[in-house]
Amino acid sequence: MTADSGHARPVDEQATHPPGSLPAGLAETLRYGPFHRALHDAIAHRGLSLARLRAHLEQLGVQVGQSTLSYWQRGLRHPEVPRAIATVRALETVLKLPAESLVALVGNRPQPRLTRPSGWVSPVPVLSEFEAVSDVGANTDIEVLSVHDTVLIGPEREQRSISTRLVVRAAKAGPDRYLAVHQGDEGCLIDNALVRPGEGCRLGRLRRQSTTRGLAFELLFDRRLAEGEEHVFSFTVVDDTGGPTPGHRRAFREPCRGYLLQLAFNRRALPARCTKQFRVDADSVPVDLEELVCGLGGFASAYFEDVGPGVAGISVEWT
């Protein structure tokens with residue numbers, strides 16, 4: 001993409017290009033949607049950064065946050081009708097699109113490209129039930145700054161282990177533990193799952209629930225954290241008795257600055273397709289969809305910036 005490095009200029013509200021002057025791909029997306037994809041492609045075609053796009057909109061008297069534009073083009077938010085219609089029309093002007101081309105898509109919410117993988121059960125009931133395990137508020141005084149999950153997948157397409165490293169910060173003085181929840185794949189024997197603490201923690205209390213394939217456990221720090229103190233810790237869940245994995249997902253109840261998820265496949269059992277996706281909750285339409293490349297060494301990786309609240313993960317399809 002070529003950045004717009006020129007000075008801001010007044011934009012002629014009538015200066016729209018006829019549909020024939022647009023690239024075929026963009027013209028098709030403007031016709032069929034979804035809105036976020038059309039907006040993303042139009043911005044890319046004009047070579048505008050979000051900062052420059054916002055500046056052009058301000059010249060038309062339209063105030064909109066750069067983060068809002070980012071959410072719209074990624075499909076994480078949708079313009080509210082009718083309040084945002086004037087802003088969408090201004091976007092058509094700045095991006096030199098046919099009149100009403102984006103407006104016509106505002107009412108068409110993005111549809112899922114992939115069906116919900118089997119076994120991806122909503123984590124909310126599991127989280128709610130297992131919070132009762134601890135007699136202190138579950139992670140209420142801890143801010144999660146970043147998470148890195150590495151999922152090892154075996155030759156029978158089964159999930160073998162999930163290794164997790166977290167960076168957290170104490171919102172106030174006092175927290176000395178973290179409550180974690182794991183849900184196994186369909187067919188797993190959750191009673192056989194093991195938790196192996198790594199750096200910065202040791203295993204506390206642990207509870208299992210066979211009906212939901214759920215596992216909740218405390219990771220105890222070696223001291224109480226001071227207010228604002230950052231702490232790094234890691235652990236591995238060994239859970240290798242399930243069937244072919246549909247992928248991995250993590251629920252975020254609060255915003256997190258960064259989440260890196262990596263699936264490591266056995267070279268004798270590579271997937272047909274891996275798809276990065278984010279959902280507002282486990283039952284909602286997926287957004288921020290992106291097909292991933294399973295690269296050298298059998299790794300598929302997805303990075304989510306400023307993720308949550310919601311469910312982020314990688315969906316796996318097998319041949």
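In this predicted model, six strands come together as an open sheet whose order is β4-β7-β2-β1-β9-β12, with mixed pairing. The edges of this sheet are held by β4 (194-197) and β12 (299-307); each has a single partner strand, so one side of each is left without a neighbour in the sheet. On average, and with direction ignored, neighbouring strands here are turned by 15° against each other.

At the β12 end of the sheet, the pairing can be followed residue by residue. Strand β9, which covers residues 256-265, pairs with β12 in the antiparallel sense, and eight bridges link the two. One of the positions that can be picked out in the structure is C256, whose bridge partner in β12 is V307. As a general point for anyone tracing side chains here, those of a regular strand alternate between the two faces of the sheet.

A second open sheet has three strands in the order β3-β6-β5, and its pairing is antiparallel. Its edge strands are β3 and β5 (202-209), each of which pairs on one side only.

Strand β3 (residues 177-183) and strand β6 (residues 214-220) run in the antiparallel sense and share seven bridges, and Q183 has G214 of β6 as its bridge partner. On the other pairing, β5 and β6 are also joined in the antiparallel sense, over six bridges. Here Q209 stands opposite G214 in β6. Although β3 is an edge strand, five of its seven residues are buried, so β3 is largely enclosed by the rest of the structure.

Turning to the helices, α3 (residues 50-59) packs against α4 (residues 66-74) at an angle of about 115°, and the two axes lie 9 Å apart. An angle from 65 to 115 degrees counts as roughly perpendicular, and α3 and α4 are therefore roughly perpendicular to each other. The crossing of α3 past α4 is right-handed. On the α3 side, the contact is made by L50, A51, L53, R54 and L57, while α4 contributes Q66, L69, S70 and Q73. Sorted by class, the residues of this contact are five nonpolar, three polar and one charged.

Among the loops, the one between β7 (230-238) and β8 (247-252) holds T245. With a relative accessibility of 2%, T245 counts as buried, the cut-off for that class being under 20%. Leaving aside residues up to four places away in sequence, T245 touches I153, R157, Q159, D185, V316 and W318.

Finally, some totals put these details in context. The protein has seven helices and 13 strands. It comprises 319 residues, of which 48% count as buried. When contacts between residues at least 6 apart in sequence are considered, 74% of them join residues at least 24 apart.

Terms used:
Residues numbered from 1 in each chain as written. Predicted model: local features only at pLDDT ≥ 70, side-chain atom pairs only at ≥ 80, totals over all residues. Heavy atoms only, no water. Pairing = 2+ DSSP bridges. Helix = DSSP H or I, 4+ residues; strand = E, 2+ residues; numbered from the N terminus. Axes fitted to C-alpha atoms, helices over the stretch in contact; angles between N-to-C directions. Buried < 20%, exposed > 50% of the residue type's maximum accessible area, 1.4 Å probe, protein only. Contact = heavy atoms within 4.5 Å. Parallel < 35°, antiparallel > 145°, perpendicular 65-115°, else oblique. Left-handed = near helix turned anticlockwise from the far one by under 90°. Nonpolar A, V, L, I, M, F, W, Y, C, P; charged D, E, K, R; others polar.
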